[in-house]
Amino acid sequence: MGEQVQRAGAKTAAKPASRSAARAAAQSTAKATVKPAKSGAKPGVKPESHLAMVRRARRINRELAELYPYAHPELDFRNPFELLVATVLSAQTTDLRVNQTTPALFAAYPTPEDMAAAVPEEMEELIRPTGFFRAKTKSLIGLSVALRDRFGGEVPGRLADLVTLPGVGRKTANVVLGNAFGVPGITVDTHFGRLVRRWKWTEQEDPEKVEAEIAAIFPKSEWTMLSHRVVFHGRRICHARKPACGACPIAPLCPAYGEGETDPEKARKLLKYEMGGQPGQRLSPPADYPGKPASALGAD
């Protein structure tokens, strides 16, 4: 997710009384036959007001919080530096591939000082599986030099400082701030942008404009977890090419219902990760994650 070559927490604000009960309810809801939303604009029907959209958006967020009480960043990391590096590496690849690559990378270069002194060709070989490895190597060495020389070897906890690092833009900065420092931020990746447009929360395409409009809908305390929930939903149910509309618990609130498979049985076959009984993207997921850990590189 470094903005040159990039694309890639806080605690849940309102958790259900029981995580197991929440998961059971979510699974039960996902199996129910869903009906199309009533909020989409139709000929002769009055368009949804801004206030009604805000109320619907906040209700979707509450529904997602119940569906994914375990939502989390899907990059493995142990400290701010590892999260920063992993986020830069996640550009144009999956979090799974990054998580399978970083153990060897961090074993070789555990600190900014170590990475700043790396031989480019050696680092390129380590991160080759993530793609764009030459550009990513340049960004990683460059940001490590900046951390060493300008920030005392520490990842800064301010957005204004983070975006001065090579390969780091607002999206990467918000990932690091929200998940390593507890500073609320909205992460507009491809999944987030796709879903908020489907839900008619915004019509903007530019990530910064999307971020600004969504930030105006939700309280700041919700920004980080909202980002995780929306991305989780985009990866598991509301896919880009074939959303599983018929297995989506928030379908009654979705103006885009019907863009994907509406038959419940066929839609359930499209579910991914833990929703489909498959491993997640992290090799070391949080303890409350209900799915299976991913396999190490070359293990599958």
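Predicted model: local features only at pLDDT ≥ 70, side-chain atom pairs only at ≥ 80, totals over all residues.
Q: OK, so why does E213 get called partly exposed?
A: Because its relative accessible area is 33%, and that falls between the 20% and 50% cut-offs.

Q: Where does E213 sit?
A: In helix 11, which covers residues 207-215.

Q: And what does E213 touch, leaving out residues up to four places away in sequence?
A: W201, T202, E203 and Q204. With Q204 there's a polar contact, side chain to side chain, at 3.2 Å.

Q: Switching to R235. Buried or exposed?
A: R235 is buried: its relative accessible area is 12%, so it comes in under the 20% cut-off.

Q: Which helix is R235 in, and which residues does that helix span?
A: Helix 12, residues 223-236.

Q: What's around R235, again skipping residues up to four places away?
A: R235 touches E74, D95, H191, K272, Y273 and Q281.

Q: What about confidence, what's the mean pLDDT of the chain?
A: 89, and 85% of the residues reach 70 or more. Over residues 1-27, though, the pLDDT is below 50, and that stretch has 75 contacts in the model beyond near neighbours in sequence. Residues 29-40 are also below 50, with 32 such contacts.

Q: How should the coordinates be read where pLDDT is low?
A: Not in detail.

Conventions. Residues numbered from 1 in each chain as written. Heavy atoms only, no water. Helix = DSSP H or I, 4+ residues; strand = E, 2+ residues; numbered from the N terminus. Buried < 20%, exposed > 50% of the residue type's maximum accessible area, 1.4 Å probe, protein only. Contact = heavy atoms within 4.5 Å. pLDDT = per-residue confidence, 0-100. Polar contact = N/O pair within 3.5 Å; in protein donor to acceptor, adjacent residues only side chain to side chain.
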